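Q: I would like to learn how to read a few features of a protein model, one after another. Could you go through them with me slowly?

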Amino acid sequence: MYLIPSPAIVAVLTLENSDPCAAIAGQTYVAPADAMACLTSFPFNETLRQNVLTVVSRVFDFYTFEDYYLHSPPPFQASTVNIRAELSRINSTAYDSDYAFNRDLYNVVNNLNDGHTRWIPNCYTTYQNLLPAPVVTIEMDGTQNVYISPNAVSFISSVGSGYTSYLDSAPVNFDWKPLAAAQVLQIEGMDAYDYVDHIADTETGNYLDHSIRVNSVFSSYRIVETAFSQRFGDLAGPSFPDRNNLTMTVALSNSTANQTVVIPYVASFLGSSFTDQASYWAANCAANDATNGVDNLNGRAGTVNKGLFARQQPRGVIVNRPSSVGYVALPNHYLPNLPSTEGSEGVIKSFILPDNITGVMFVGSFEPNDPVGFQKDVVSAISQFQSSGVTRLLIDLTNNGGGYVCLGQFLHQYLAGSNIGYPGFQSASRANPLAQKILASDIALGVTYNMSFYAPDNWAFLNNTVQPNTYNYNNPSVSRTINNVLYSESQRFFDACEPFAVTVPETAPFDLNNVAIVGNGDCASTCAMFSTLMFERHNTSIAVFGGRPGDAIQYKGMAGNQVLEWVDIDSEIKTAGLKDDPLAPPDLLVSGNFRHNWRTAYSYFDEEVPIAYESELPQYRFPYTIDTYMNPQNLWVYAASQLFD
């Protein structure tokens, strides 16, 4: 039980006499120690702890996977956490700063390895560490090893002159260019792959499967917004500036002697501008108009209704954060040199390979700015494929962080044909006491799908007809036992995605035996649901690149069904008129977001098992090579030769 601070309480922080924030104000790049001096200068405050923990604890009541974590099933048993015990520990721990409290809570939630569920304290995610030595895993001469990315010079140069000048100038004076393509033998005295495992276990989060987290540690290509980009990876681009440097033992590409180098991290500023401690807190830490939810029935328009669809659209997506210079472009040398097809202006990039019979769709995200345009792009690309004589389709899902659930279902149905029927999974939300009150209140108040996710007309019965707005799918709820704990959830329902904005063909445009998926496993949420639909319903061939050699890897990242941000669930409570209910969380007093997985999708293979916990390995596993590690076109050509020929 946590104390609930009165909304009238304004936390007054007693700041240090010396001001470490003023010393770095206005600078894009600073020494990590200086960034940490600023972040840790805000003293621990009990009122803020109680406020945050009350919000987090009561939102966890809606979290669909909570009881699974008491003893996560194999092969995900490493992600076993007693969430309530950890919150109790945090509530009784003595902290020397507000940062220390928030970082402890961040770590606990992050180590659930569920990218849908994160505590994001905006006050302390303002600086990201960048290392001028992103690592990759590559097979050379038949053996896989860790290397500093061979394209490090062009990639790091693409970050911008501000970053490279900081590295090149006093007091850093670090010559980073010779490290490119060096084999990494040890990191911090550990075998290179062992250290990558360490980062995957302690910092990466996002994915239940350890080997997928390993791939997230490495640098890799992706699409961000509408452009090819390259990730630093979780070793070279961690979320907090809490390391000053990293020691590596390397074999340089032009030397036979091993060298030990101390490589500096640089803290990159991501937050809102400030001049001193007080303005830093005001701009980055204090709650603002966008922090908490709103009453969508009686107040201003809700933040969850982005006006992109006729109804509120469920999202399944993890959080990707840019560096201070934005997303770093994939160097030109690695971009596809094939002409793109029609429909390649958005998050989908489509090409016809040189064999003239294989089409490629690189689906970078399911969260475009224009969801209708996404559907039209699929139609345009596939129409051009068909008119050009393409008979095989390769879909690249590398680093697809998810997005709108209905777009994943659309792509599945378009590829398989509308004759398959409903293109998604059965799902359910948690029927905790407050959730039951929200739904009952929404029905009584006449709340509809454009105001609330709980509104019944957001969902369809299992015969794919939309529920009337008087139907209470939480009454009766469905109970079962998970890890010796009684768990209650809603009745099963479908998403109400159809009709789509474009006409879906009745039959598949390609023989589904000639459709294959490639990626690095970092395929989250809606992406994971799409790949699972293709695998479970059509036995689609899937190949995963990378990972630690010898370790099994899943083909999908964390697959929930729908994420609600803090502002979303708070708006649900307020729209239902229940903010004063004793079970309701208070408004946050600080700028932050506690997002959670609100809905569970169940596997076609076993409708009692969430797809997140259905272990599914790819049929094919390939190492990255010097030709494919950062070159999408080369990877597609190789994959097509293996999966189709």
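This is a predicted model: local features need pLDDT of at least 70, side-chain atom pairs count only at pLDDT 80 or more; totals for chains, interfaces and linings use all residues.

Q: Which side chains meet R548 in a salt bridge?
A: The general idea is that side chains of opposite charge can pair when their charged atoms come close. A salt bridge is counted when a side-chain nitrogen of Lys or Arg is within 4 Å of a carboxyl oxygen of Asp or Glu. Here D197 meets R548 at 2.5 Å, N to O. Because D197 lies in helix 7 (residues 192-204) and R548 in the loop between strand 24 and strand 25, this pair ties together parts that are 351 residues apart in sequence. D191 also forms a salt bridge with R548, with the closest N and O atoms 3.9 Å apart. Since D191 lies in strand 7 (residues 190-191) and R548 in the loop between strand 24 (541-545) and strand 25 (561-564), that pair ties together parts 357 residues apart in sequence. As for accessibility, D197 counts as buried at 14%, whereas D191 is partly exposed at 34%.

Q: What do the helix and strand numbers refer to?
A: Helices (H or I, at least four residues) and strands (E, at least two) are DSSP runs, numbered from the N terminus.

Q: How many salt bridges does the structure hold, and which residues are joined into one network?
A: The structure holds 27 salt bridges. One of them is formed by R84 with D61, whose closest N and O atoms are 2.9 Å apart. This pair links distant parts of the chain, with R84 in helix 3 (residues 83-92) and D61 in the loop between helix 2 (46-60) and helix 3, 23 residues apart. R84 counts as partly exposed at 28% relative accessibility, and D61 is partly exposed with a relative accessible area of 28%. Salt bridges that share partners join D61, E66, R84 and R430 into one network.

Q: What does a charged residue such as D396 have around it?
A: When charges are assigned, Lys and Arg count as positive and Asp and Glu as negative, with His and the chain ends not counted. D396, in strand 16 (residues 392-396), is buried yet has no salt bridge, and the nearest side chain of opposite charge, R222, is 13 Å away. A polar contact is a pair of N or O atoms within 3.5 Å; within protein, one must be able to donate a hydrogen and the other to accept it, and residues adjacent in sequence count only if both atoms are side-chain atoms. The side chain of D396 has such a contact of 2.6 Å with that of T398, and another of 2.8 Å with that of W636. Contact in the wider sense means heavy atoms within 4.5 Å. Leaving aside residues up to four places away in sequence, D396 touches Y221, M361, F362, V363, V518, G519 and W636.

Q: How many disulfides are found, and where does C38 take part?
A: A disulfide is a pair of cysteine sulfur atoms within 2.5 Å, and a search of the whole structure finds four. C21 and C38 form one of them, with their sulfur atoms 2.1 Å apart. The pair links distant parts of the chain, with C21 in the segment before strand 1 and C38 in helix 1, 17 residues apart. The link of C21 and C38 is right-handed, with 95° about the S-S bond. Another disulfide joins C406 to C497, and that link is left-handed, with -80° about the S-S bond.

Q: Which residues of helix 1 are buried?
A: In helix 1 (residues 32-39), the buried residues are P32, A35, M36, C38 and L39. They lie on the same side of helix 1 because they cover an arc of only 155° around the axis, the arc being that of the directions from the helix axis to the C-beta atoms. What covers these buried residues includes helix 4 (98-110) and helix 9 (277-284).

Methods:
Residues are numbered from 1 along each chain as its sequence is written. Side-chain values use heavy atoms; hydrogens and water are left out. Buried means under 20% relative accessible area, exposed over 50%, partly exposed in between (1.4 Å probe, protein chains only).
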